[in-house]
Each structure stands twice: as C-alpha cells, then as structure tokens.
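Here are some notes for a first look at this entry. Please read them with the structure open.

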Amino acid sequence: MHCAGRIGVIAATLGVLAGCAVSPSRIPVEVVGALSQEQQHCVEFFRQVDEAVADAGAGDGMAARISGYPQLRVDRFLASYAQQPMSDAEFADWLSRLLKLGAAAHGVELMNLPADESARLAQRLRNLPPALRQAAVGVKACGNRLNAVIYGSMEERRKLRAAARVPDEYRTWLRIAGLYWVSRIPFAAGVGRWQQAVQKAFDVPLPKLPLRGSLVRYEPPSAATPAIAAVSADASAFPLGIPEPRGADLERLFAAFAPEFIIDTAGDADRPGALGWSDGPIPAVDISQPVVYRRISHARYQDRVLLQLNYSVWFPERPLASEWDLLGGHLDGMIWRVTLTPDGEPWVYDSIHHCGCYHQFFPTARAVPRPQPATLDETAFIPQTLPAITAGTRLSLLLESGTHYLQRITTTHAEDAQSVHYAFADDDSLRSRPAAGGARKSVFRPDGIVPGSERGERYWFWPMGIPEPGAMRQWGRHATAFVGRRHFDDPGLLEKYFRMSQQ
C-alpha cells in the first residue's frame, strides 16, 4: 500500500473512532453544589443513565448533547435561535423544545439498552429517591426540575444560549491532514464534471431516457390529494411561530405532497423497502413491503418559519458497477424534501441520497435564485426548474436503475409502468428497531452512520473532512458538500440560495 493510502486508512479510522465516542454531559461541580438536594438527585440520575447508554454504545446521534445540560438536546434549527432576542414566552417555548428533543433521545436510548445493562442501571437507580428509580419516569420529572433552574435564572439562560450549538459534520483536522486548500481544487473539478453529466441526463427527452429493466411506479397509500389551507395557521399557537401540524392535519399535508417514485427496476436492488434488523450483523432492507419514511423539519426565511415535508426511501444496495467501483455498496436511498410557503404552496424542492451526496435543488416559480459569489465552494445545483405547483399536483420522481439517481421530475404518470402502493412510516422509527432475541437497536451508530454502509470512496475522499464519506447517515448528520461546508438540515440554507416571489 502506498504511503498516501496508509494515511487515508488511518485518517478514516480515527475519524470513525472520534465520531463514535459519546460522552455524558457533565455539569460543573460548582453548579451542582448550588442546586437543591432534589435537583442534585436529578443530576446524579442523568449521570447514571448517560453512563449506562455510553457503556452500551446505545447513544442516539440525531440531536446534539449540550454540555452541562444533560436533560436537553439541540438540532440546527433550534440552535439558530440561541443568539437572537427572545421574550420570556419565546424562551420558554425554545427551552421546552430542547427538553422535548432530550426526552425523545433518552427514550430511544433506554429502549435500546441491552437487557443486562438495563438491569444494572435499575440496580444503580435504587440508590436514588423512589420517584427516580424508574428511568422513563425520572427522565420526565428531572427534565422539568432542571429546566426550572434555567428558566428562573438570567445567568443560566445566558450560559445555555452560549452552549446550545451543533458541531458541524466536517473534521477540520482531516482537512489539514489532507491539504484541503490544495486538494479541494481537483475535487471541485470533479463535482463540476458530475454536475455536467447530471444536467446532460436531465436534458434527454423523457421518452429517450435509457431503460435497463422495467418501470415500476410506487404510489402513495391514498390516491386522494386533498386541498391544503395555509400552513401558518397552526404556528400562532406557539410563541416562536413554528408551524407544527399534528394528527389529521399532518396526515393531510403528507398525503397532499407525497411524490410517486418511478423506478427503472432491473433487480431487487432497485426495490425500496423497510430498513431494520434481520439475522445479520448489519441493518438490511426488507423489500416485501415498499415503505416511504416521513418527517417534518423547518427552514427559516426572513422572519418566518417554513414547514418542510421529507419523504425518504431505502434500497438494499447500490450494486457495484465493477470491482473498482468506489460508490457502490450495501444500502442506498434518497430523501425528497418540499419546503412550503406560509400559504401552503411548494417553494423549493431538494433532494439528497442518505450519504448526504448528490444535493440537487428544484425551485418552483415561487423561488427566484439569488446570485452566488464566484467560489470553489459548492452552491445550489439546479438541474431542473418547476412551474408553480399547488397542493394536489402529484410529482413523479424518475430514478435510475442501480445508482438510484434522479433523472427527471414530472407531473405525468408512466401509464405503462407496473403500479404498486407504498406504505408510510415515521422516520424516527429507525432510531429503535426490533432485533434478535427480543432486543431493540437503532439502525444508526452513535455517530449517525449506518453500520455496513461504508463505501470505498472513504479511502480517497477523506481530505474533504467528512468522516466516512459515502456511508448512509441519520437525519441531522448530512454534510452535503465536499468543497465548502453545507448541511441538509441548515435552516438558513434555502434563503441563502433563493428568495420568495409572491406570484
């Protein structure tokens, strides 16, 4: 192996090990000493829980821990509020959302604890007051108690604002080791060549797109496309003005904007299914039932919060094109996202694969691209623009066989395609799946990587600073640019590239 190859392997391995380390959130001794006995019991409760989770390797990597605040977690959307002025009501809303993220993560981690570790944790919690001896009950009770300390102190509020940050998915030390400021130049040229190839494919007339197998059209569970009212109406119930539809309203939204996937199918690798655990040591896709996973997210535009609907599919693999193929491997898939205007119309669509790769933007007539500075950094790649689209217009996504690359977005059906209905599932369900022996496990490692999905490109692409480039990732862990720094869940990303037209 050449010296450069050895360095690449070492760097990639160190990146994985660094990413896998999940440390419990420590509270400074002087802070603990100022708390009431009841609150100190809560600090000890979270210490025991977090150490058990870390020892078992059961940490959930979706939202970031906040140093000194073990009951809380933060994502990039909520972190975007940390430095802006907030009223008491707005701060309370923000704080409750951080607690909600923390409680959800702890709930997942406790479900995923192996039975022996769970039993040891229960034994250790017997040294605490009776109300804290059941972990699930203690998470809620202690979360509220410790949050009361923060809300009641302006100094604690200030400290939390300063600490509520999400580390980016790039490792600066990898870029230094890989001479990034030089190596980015050929990488940028490679990105440009890929964009040219994609644009060429999008420019091929639809009837002349190459076909390796036969077309299969995966349709939403319901053929109905209900009309949708403005999505901003429910935001007024929250001080921060965050639209958060629930129940039947959320179901109607997901149904209204659900795409259909038209897939060139040459084998089982092109059939989407349910991701989970079977008898093997790594997650796998069950293609017996086509599944589309859903989640909501949010973007920020000027002084408004925009609702985003995310739809994702998983495939068993991206087959190797040859023994030298760096991009193929176990598991593959893509996320399709629609960002809605406050009046409920699509503004911008965008898409990535689960590796964070191949970020493409599809603006509607409501989105006007902003001029971008001359730079090597990746900006918005727009292979196709779309007309004004209203709720009830079903989009069809054409996917290539093998690579599962997007080839076209249309509003017409492939009438000659075999038709199959997919089922919806909650994307968060992937954080805890049934496993062998009655256990439960996340399909993601604590660093957000899907085990077994590693790609050969990791030995060559590491100088761009992304750990395990090409591997499938958890929501919140998608770096989407090799050159520059960009994240799929950055709430300010779309405003950077587009402005909103009122037409």
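Which residues form a nonpolar patch on the surface?

1. The nonpolar surface patch consists of Leu-326, Tyr-459 and Trp-460, which together have about 310 Å² of accessible area. Keep in mind that this is a predicted model.

2. Tyr-459, one of the patch residues, belongs to helix H12, which covers residues 458-461.

3. The side chain of Thr-480 has polar contacts with two side chains: that of His-359 at 3.2 Å and that of Arg-486 at 2.8 Å. Leaving aside residues up to four places away in sequence, Thr-480 also touches others, including Tyr-170, Ile-352, Gly-356, Glu-378, His-487 and Phe-488.

4. Next, the strands. Strand E3 (residues 214-219) pairs with strand E4 (residues 260-265) in the antiparallel sense, over five bridges. Within this pairing, Arg-217 has Ile-262 of E4 as its bridge partner.

5. E3 is also joined to strand E15 (residues 418-421), here by four bridges and in parallel. Glu-219 has His-421 of E15 as its bridge partner. E3 therefore pairs with E4 in the antiparallel sense and runs parallel to E15, since two strands pair if at least two bridges are found between them.

Terms used:
Residues numbered from 1 in each chain as written. Predicted model: local features only at pLDDT ≥ 70, side-chain atom pairs only at ≥ 80, totals over all residues. Heavy atoms only, no water. Patch = residues over 30% accessible without salt bridge, like charges linked within 9 Å, V, L, I, M, F, W, Y side chains within 5 Å. Areas by Shrake-Rupley, 256 points an atom, 1.4 Å probe, with all protein chains shown as cover. Salt bridge = Lys/Arg side-chain N within 4 Å of Asp/Glu carboxyl O. Helix = DSSP H or I, 4+ residues; strand = E, 2+ residues; numbered from the N terminus. Polar contact = N/O pair within 3.5 Å; in protein donor to acceptor, adjacent residues only side chain to side chain. Contact = heavy atoms within 4.5 Å.
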